[in-house]
Amino acid sequence: MRKALPIIALLLLAPACSREPDPPGVTVENAVATLPAVPGRPGAAYFVLRTNVDPTRLTGIESPRVGRVELHETMEHAGTARMAPLADAGFTPDAPLQFAPGGRHAMLFDMDPALRVGDRLTLTFRFDPAPPVTVEAEVRGPGDAGHGAH
Ligand SMILES: [Cu+2]
């Protein structure tokens with residue numbers, strides 16, 4: 001039993017050593033945009049950012065069909081949910097940055113009113129120091145990004 005331990009350790013290390021290094025960059029996963037509940041009000045976007053650059057910071061999001069995008073976070077304050085500008089948009093390879101209902105979110109002001117459920121919304125994410133990433137977010141109905149409200 002004592003002799004078997006070093007062999008097990010080598011087997012566990014092997015896959016990590018044989019992997020090709022990825023090019024530096026961020027991946028955007030599960031991008032969803034929700035339409036405003038009332039026309040003219042802002043919509044929201046949710047997603048998960050993973051990076052292999054330590055550290056990385058999300059500096060902004062743009063879309064050809066959205067007037068302005070702001071990064072916010074929702075926080076409980078005396079039992080009431082309030083939102084504020086996102087204080088820290090930094091993340092690392094060990095800790096993906098998650099934007100989800102009830103927490104961090106991107107608010108989409110002046111969305112194209114022609115957008116409908118099922119459409120694709122082009123979002124370009126800008127980072128420091130990783131290169132920008134453009135994805136097609138799935139457009140969903142108001143509040144349909146998961147559980148909880150914006
Ligand atoms: Cu907000």
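Two residues are in contact here if their C-beta atoms, placed from the backbone, lie within 7 Å. The model is predicted, so local features need pLDDT of at least 70 and side-chain atom pairs count only at pLDDT 80 or more, while totals for chains, interfaces and linings use all residues. Residues are numbered from 1 along each chain as its sequence is written.

The protein has 1 helix and 10 strands, where helices (H or I, at least four residues) and strands (E, at least two) are DSSP runs numbered from the N terminus. Read from the N terminus, the order is α-β-β-β-β-β-β-β-β-β-β. Among contacts between residues at least 6 apart in sequence, 67% join residues at least 24 apart.

Strand β10 (residues 133-140) pairs with β1 (residues 26-34) in the parallel sense over 3 bridges; pairing requires that DSSP finds at least two bridges between the strands. T34 stands opposite R140 of β10. Strand β9 (residues 120-128) runs antiparallel to β10, joined to it by 6 bridges, and T122 has E136 in β10 as its bridge partner. A hairpin is formed by β9 and β10, with 4 residues between them.

F99 lies in strand β7 (residues 97-99). Is F99 buried or exposed? F99 is buried because 24 other C-beta atoms lie within 10 Å; the cut-offs are 20 or more for buried, 12 or fewer for exposed, and partly exposed in between, with C-beta atoms placed from the backbone. Buried residues make up 24% of the 150 residues in the protein. Leaving out residues up to four places away in sequence, F99 touches Y46, F47, R104, H105 and A106. F99 and V32 are 67 residues apart in sequence, and their C-alpha atoms are 10.0 Å apart in space.
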